[in-house]
Amino acid sequence: MLRIVEELDTPDGYKAELIRGKIVVSPWSKLRYLRPMRRLRKQVEEHAPEGHVAETSPFLFTFPASARGFGPDLFVADEAAFEADGRHADGAALSLVAELTSVSTKDVDWLDKLDTYGRVVPVYLVLDMQAEEITAFWDPSPKGYRSRTTVPFGEALRVPEPFGFELDTEGFVAQ
């Protein structure tokens, strides 16, 4: 299935992901999400672990244990993961993932991705663009994240280790 996803010729502006054993094609982020994504990327990148890069480029990360493949809105990953051949990277290389919700993808961000990332990725940020709040999840375990905190946009959010900084969420509201 992953090979089919990576070889799928999606229309411009769309991405393919492997969710619950199904290939799901959805649009990339809305244009008005550019400003919050840039603000987030800039802040996260300054605090990324040594050798990790912050990107919004479309890459598929695979999670073989759960038969999933996701293309996050923003990610921080070990740069070495991109030295391999192929079109998808190992989800174990991720140190942070951020998803900006939309009406059509909100359930996947809050359920399936939360469950999958919560077993592997040290930090998961969900920017709930409809509720105008951000949630940080951390401390992954075989049963999912053990810790979380939520603040409304405009308030500072503590991003836990391996980042360890106060995220300024002012300006995250999509105009």
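Which residue forms a salt bridge with K113? In this predicted model, in which local features need pLDDT of at least 70, side-chain atom pairs count only at pLDDT 80 or more, and totals for chains, interfaces and linings use all residues, the partner is E99, with the closest N and O atoms 3.2 Å apart. Residues are numbered from 1 along each chain as its sequence is written, and side-chain values use heavy atoms, with hydrogens and water left out.

A salt bridge here is a side-chain nitrogen of Lys or Arg within 4 Å of a carboxyl oxygen of Asp or Glu. The E99–K113 pair links distant parts of the chain, with E99 in strand 8 (residues 94-100) and K113 in helix 4 (residues 112-117), 14 residues apart. Helices (H or I, at least four residues) and strands (E, at least two) are DSSP runs, numbered from the N terminus. Both E99 and K113 are buried; that word stands for under 20% relative accessible area, with exposed meaning over 50% and partly exposed in between (1.4 Å probe, protein chains only).

The structure holds nine salt bridges in total. Another one brings the side chains of E55 and R41 together at 3.4 Å, N to O. E55 sits in strand 3 (residues 52-55) and R41 in helix 2 (residues 34-46), so this pair ties together parts 14 residues apart in sequence. As for shared partners, salt bridges join E99, D109 and K113 into one network.

On to the rings. A search of the whole structure turns up 14 aromatic pairs. Rings of Phe, Tyr and Trp (its six-membered ring) pair if their centres lie within 6.5 Å; planes under 30 degrees apart count as stacked, over 60 as edge-to-face and the rest as tilted. One of the pairs is F61 with F82, edge-to-face at 6.1 Å centre to centre and 90 degrees between the planes. F61 belongs to strand 4 (residues 60-63) and F82 to the loop between strand 6 (74-78) and strand 7 (88-90), so the pair ties together parts that are 21 residues apart in sequence. F61 is buried at 0% relative accessibility, whereas F82 is partly exposed at 28%. Y117 and Y124 are also edge-to-face, 4.9 Å centre to centre with 70 degrees between the planes. Y117 is buried at 1% relative accessible area, and Y124 is buried at 0%. Ring pairs also link these two tyrosines with F63, F70, W110, F137 and Y145 into a cluster.

Strands count as paired if DSSP finds at least two bridges between them. Strand 4 pairs with strand 7 in the parallel sense over three bridges, and T62 stands opposite D90 there. Three bridges also join strand 4 to strand 5 (residues 68-70), this time antiparallel, with T62 opposite G69. Strands 4 and 5 form a hairpin with four residues between them, and A67 in the turn has a positive phi of about 50 degrees.

A separate description covers an open sheet of six strands in the order 3-6-8-9-10-11, with mixed pairing. Strand 3 and strand 11 (147-152) stand at the edges with a single partner strand each, so one side of each is left without a neighbour in the sheet. Neighbouring strands of this sheet are turned by 15 degrees against each other on average, direction ignored; the axes are lines fitted to C-alpha atoms, for helices over the stretch in contact, and angles run from 0 to 180 degrees between N-to-C directions. Strands 6 and 8 run antiparallel and are joined by four bridges, with A98 in strand 8 as the bridge partner of L74.

Strand 8 also contains S95, which is buried at 2% relative accessibility. The side chains of S95 and H52 are joined by a polar contact of 3.0 Å.

Technical notes
A polar contact is a pair of N or O atoms within 3.5 Å; within protein, one must be able to donate a hydrogen and the other to accept it, and residues adjacent in sequence count only if both atoms are side-chain atoms.
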